[in-house]
Amino acid sequence: MTRWGMVVDLGRCVGCQTCTIACKMENGLPPGTLWRTVLDVESGEFPDVNRQFFPLTCMHCADPPCYDACPTTATKVRPDGIVWIDDDICIGCGSCVVACPYRARHLVPQERWYFGEATPPERATYNLDRVGICTKCHFCFHKFDEAPEGARPGEDPQYTPACASSCIGDVIRFGDLNDPDSTVARMLAQNGGGLRMLEHLETQPSVYHLHPPRIDPRPPERQHTWHGLAVANFFCGPTGVGLYLLAVVTGWLAGRNAPLLDLAHPLASLAGWSPGAFSPRQWAGLLGPILVAIGLLSVAAEAGRPFRGFNVFRNLRRSWMSRESGFAIVFMVLALADTLLWQSAPVQAVAALAGMGVALAQGLILSKAKGVPAWNVRIMPVYFIVSALTFGCGALLVLLALHGEQPHEPAAWSVLGLALLGADLMVWQRYLATLPRTETFRHAVALLRRPVWRLVVDGVGHLLPALLLFIAALQPALALPLMALAGVCILAGGLGARIAVLLRAAFLVDLFDRFGAVTGPTPAQVTLEPAEATRAA
Amino acid sequence: MSVQRIPVYCSQCVAGPDLIHVEVQDGVAQRIVPNFDFHAEHPAQGRVCVKAYGLIQKMYNPNRIKGPLKRGNPRKGLHEDPQWVPIGWDEALELVAERLRAIRAKGLVDESGNPRLALTLGQGGVAPGYLGTFPAFMAAWGPLDQSIGAGQGVKCYHSEHLYGEFWHRAFIVAPDTPLCKYVLSFGNNGMASSGVTGVWRHAEAKTRGLKRVQVEPHLSITGAFADEWVPVRPKTDAAFLFALIHTVLHETDWRQTCDVPFLRWRTNSPYLVGPHGYFLRDPASRKPLIWDEGRGAAVPFDDPRLDEPALTGTHVVTGVEVGPDGELWRHASVEVSPAFQRLLEHVRPYTPEWAAEICGVPADRVRGVARDYLANAQVGETIEIDGHTFPYRPVAVLLGKTVANGWGGYEAAWGRTVLTTLVGALEVPGGIVGAGVRLNRPANDRFKTVVPGPDGFMVGALNPTDKEHWQKPSNRSAYQSLVPLLGSGPWAPALGPAHLPWLFMDHTPRNWPQQNLPDVWINIRANPAISHWDTGQVTKMLAEIPFTVCFGYTQDETNWFADVLLPESPDTESLQLIRVGGAQFVEQFWRHQGWAIRQPVVSQPVYDTRDMTEITTRIAAKVGILEDYNAAINRGRGIGISLEKFYPDGVLNPQREYGVEDIWDRACRAASVEASGGDVSHDLAWFKEHGAYLAPFQQDHWYLHTAMEAKGLRYELPYQERILRMGRELGNRLHEMGVDWWEPQLAEYSPLPGWKDFPAIWEAVAAERGKRAEDYGLWMLTTRSMQYAWGSTVSLPLMADVAANVSTHFGVVVNAATARAEGIADGDEIWVESPLDRAKGRAIVKQGIRPDVILTTQQFGHWVTPVAKDLGTPNLNRLITTGLSLTDATGSGADLVKVRIYKA
């Protein structure tokens, strides 16, 4: 079966950007959007310097991380290996952007014109359906899909992707990697196979490079796909589900043993309501789903096409973002219904489990984001579960204190809090000690180990609240204010940790990490699993 | 409606034209794609340059000048808003014609002998591809001053152009890349400047195994492509080249390593040189003498019995020397040596150790380059091409800008050409070949310019320097008077000391005719306020010119001073036919040649613009020179092909005003007749449909060797007797006028150029301006950008979008160590200050540049041109002074200036 791919001869490239501009023209791309580019990369120190031009595009991976990440099924993989986006489905959530280690996906947040207003050719060629969604290279498949019998994509310029047919150095060659007679296959055979970028990330690219130069590690760049609203989701969601879980579990415990706090009255009536009318437990039952909802709304606000938001559930089979949304819906519906109507332990149990599903899914979204090494670590889901409980504990402590009723067993709260803080700190330290797969991760960890983040995460987020809870256990009279303060510290430190991980340490993987140091299989050894290949619409 | 593909050409730089298709749908031009119809004929499979893809945006750019404008504000100045008033075409052309008629009434030249009408064409050598029939207007007009420059001369490969044409009819030099194995490049940035065919050929050659060594102060685009980078001090390239020649001649057995038969029979190496430095000649025939070792006697160079020309030794000979202005020295039994012996002596002191000190490059590296060069030269080998056996010498030495122009340019060009000559790699397969002629004629056939002269060399289009024929100043740069090598063809004014008029119009130099401003200055697509040195001087003069007509695309820094602003229809909106293929500029070496068309791609221009041919015809009629204008077209001016010769049935009736399509239809017929040798005659409709007509072109026509062999001629190398004589004669002429300000330039005319401290010439600028040289410790240089070269794309945001990927764009490149020492971080705003002025830009901190050098790309620093003015790149021109001290004998300068930098 055909597998389209490219062979890029780096020795021939002069960085002219003809491929870049030809691609823009062929695909009607708006200002600032380059589906492909030619990087200008300098290595070494004067006078021993190497300057290399490096064409970069979508790798059309055989195992594309974007495909799994996409919650909407907008990202498709064709049987011939082309990874493409169905413009009508994509919601512009950006999860594929951070999943892609090759920076090949481009969100187009709003309508943009070169001169402020559209010129006639822009209006004619710019596809407005692509506003608000993610866009990417599709090997110009429109140029050869409709080609007549006998057409030779890769050889006949009119049926060849614009970059390859325009390249003035004949740097970029396109063709069928599975056809041993194709130019690309022959070039690879003659050159000992060629190299693929970030081979160790096991994405199995369809783009091979010849004559790799020496390339030093690049200065790290931060991801700029997800911002504060994403932090809101990754903080509020876990806090909400953690809060809910701890509230119901401690409730059960109190019900069976000594009551820790006055358990829920059924909601008497909404009329005549005052905050004090709700117990911390009731508050948790309300706030848990509300926090998760805030998280989801934040994500929706960050997505380019929020009104297509329902599409987020389309890829429950593969995408952890779909699953996160699914868990979140189950959690919110059950938790809220239970809080308002039922107060049934089995329902609470299911809701709490779904809640943990939200935290787990969030951890897995990050854990599978190959574009951001600080996220792309195995421990991330564990960290999200533990931190969800820790944050939840912090929130519950604040609620208890606000309620003002002296807890029956303040020491029990301290023990719970200390246990969670200990576990959370341990997981955090384990995260920082993760064996780096990339240089970029090493850099991210170095940043997270800086005093400012130690102060925020270790100090404010863990040690200080631990100390406060310890004192609270010894001094029951001071328990309430100390618990409140500890709760605030846990939440502040937790938010800080989220900002640190999601924004500050979120460096994009160095495109040239271990380039040339790891060699992969030849094209003949790479096959697309038919089950993973979906037909083009 | 289906997509129509309209064939046109892109000639936005001299490395084209590129043949393209414009895809049009529903009356809107939407895309540029390469014209793959010529996939087989085109040397790069029909692919086109990045700039061509900007043509759509160029057409629909809302910042274009949308119709004729006249100035509303009578005052002119940097801060005087022109207050444009939109007017109709009739009124605009009448405004222009009225001024032109006034000139004709008053007399075409002023009391100083300078034309009252001046004309400046922009974009270097690109203009002919866009001027329509305007050159016919120029021919019809009479004396016209084209010498006011917009940056040419001081910015081009000037010494290469002038000496290259003189020595081997090479207006520009290219490697015979498809066969070359080793390229030694001194700052030649061909991967940014040699266009699509250049890049294609070099990429193919690299895969084949060509090795490239790049000697330059910063790691350019081409340096990135090279195998080795040698970071040399600016303006010391000649020393490096001299040391290479020394190494070849004194550290190897040159009788083994050099191409001795070539030196003996194809150069002036065996010509005997007399005590005054002129060839020793036969007293009767005045032919230069050669010592024939076989017979032990001196014989005229063309003696048929000459058997073994001596290259070395001292011989006692009787003969005469002919000096300047016919001065004659008769020698009886004088000791003389062949030119080659003189060369051996001349380069003896130029050891690699000597060069190492000057160039900042280890001596071993120089020796290594010399060794590799000789190893690849394959002296003695031959190759068969088109049934002709050629010497095969796959080595090439290239020069770049700033190396081949300004002081030191002659020395570098000579050094390069002599190094090439030593191994016989001149104009043969694999070696260096000339690409096109511009000063000699006919411009479309290099071989026809190979005309034998009396001394066994080619005669060239030179300006005479003898008393009787020397031409007194008759235009504002006085190129015919000051630069003998230029000749006086259509390209000569642009290549003269075209920066001097800006200076001389302000202050006439001593004992020189009073230099007045032109009554009318027509400026077509030039922007000297940006592209010329000394922005302050240029803008001062622009404000003083009484009447300025600008053909403009957008509002820019120069047409800000215009009285009338005319927007001609650009690339994809107007009609023209030009030559394509053959062996032309930079690396356009085709196996086909012919003609290509540019045509309007949509039925109506986007704005109220007119075709240049229509504008020209109207002005010619209004001015009353229609008859001469039509006659000039009949001779081929403007349309590039003689109707009289190739389409006599179609010659224009001199009295009639012809339409655009009518004129070009005739041109199409004549051109196709010429290209096909009379086999076909295609009309305009045919060209509009097919885009181009091509006929085969023999590869043996790439190499001048074919013509030199056929005519038994020698290259005038290594010894420069004629240069010496013309310099002395020119000195005599100027001294007769009392001119004493051209003395340093006169000293450049030497038969064997030697090393002078060229960097010191620039270092002295600070003292000239009352500043301390040590305060300006950095060299500022410029580099080429393929996306912006020739400037026609600076106002296109699309181009900025993709150009930003090339890291040296939009800022000032500073070496990392230098930046650290100055406390400058990547991205910081910095000031670059020269003794003249200062300019601001963003620091781009890199390792690939010498610590004593900073670099900026192209020429930006715009303050009016839309888009360009927001790109944050300083312009070297603002920092450099236009002066005689930085002007070499060919009338050129170089883009470098001593500066200091500090954080803004």
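Mentor: The expected span of a helix is 1.5 Å times one less than its number of residues. Helices (H or I, at least four residues) and strands (E, at least two) are DSSP runs, numbered from the N terminus. This is a predicted model: local features need pLDDT of at least 70, side-chain atom pairs count only at pLDDT 80 or more, and totals for chains, interfaces and linings use all residues. Residues are numbered from 1 along each chain as its sequence is written, while chains are lettered from A and ligands numbered from 1 in the order in which they are written.

Trainee: How far apart are the end C-alpha atoms of helix H23 of chain B?

Mentor: H23(B) covers residues 660-676, which makes 17 residues. At 1.5 Å a residue they should span 24 Å. The distance between the end C-alpha atoms agrees, because it is 24 Å.

Trainee: How many residues of H23(B) are buried?

Mentor: A residue is buried if 20 or more other C-beta atoms lie within 10 Å of its own, exposed if 12 or fewer, and partly exposed in between; C-beta atoms are placed from the backbone. H23(B) is mostly covered. Of its 17 residues, the buried ones number 13.

Trainee: Which residue just after H23(B) takes a positive phi?

Mentor: Look just past the end of the helix. The phi there is about 65°, and the residue is B:Gly677.

Trainee: Why is strand S24 of chain B largely enclosed?

Mentor: S24(B) runs over residues 576-584. The rest of the structure largely encloses this strand, because its buried residues number 9 of 9.

Trainee: Which strand do 8 bridges join to S24(B)?

Mentor: Two strands pair if DSSP finds at least two bridges between them. The partner covers residues 588-598 and runs antiparallel to S24(B).

Trainee: Which residue takes a positive phi in the hairpin of S24(B) and S25(B)?

Mentor: The hairpin has 3 residues between the strands. The phi is near 60°, and the residue is B:Val586.

Trainee: How many residues does chain A give to the contact with chain B?

Mentor: Two residues are in contact if their C-beta atoms, placed from the backbone, lie within 7 Å. Chain B gives 48 residues. Elements that give two or more of them include strand S3 (28-34) and helix H6 (195-208) of chain B. From chain A the number is 40.

Trainee: How long is helix H13 of chain A from its first C-alpha to its last?

Mentor: H13(A) has 23 residues, 410-432. Among its buried residues are A:Trp413 and A:Trp428. What covers the buried residues includes helix H15 (451-474) of chain A. The reach of H13(A) is close to the expected value and comes to 33 Å.
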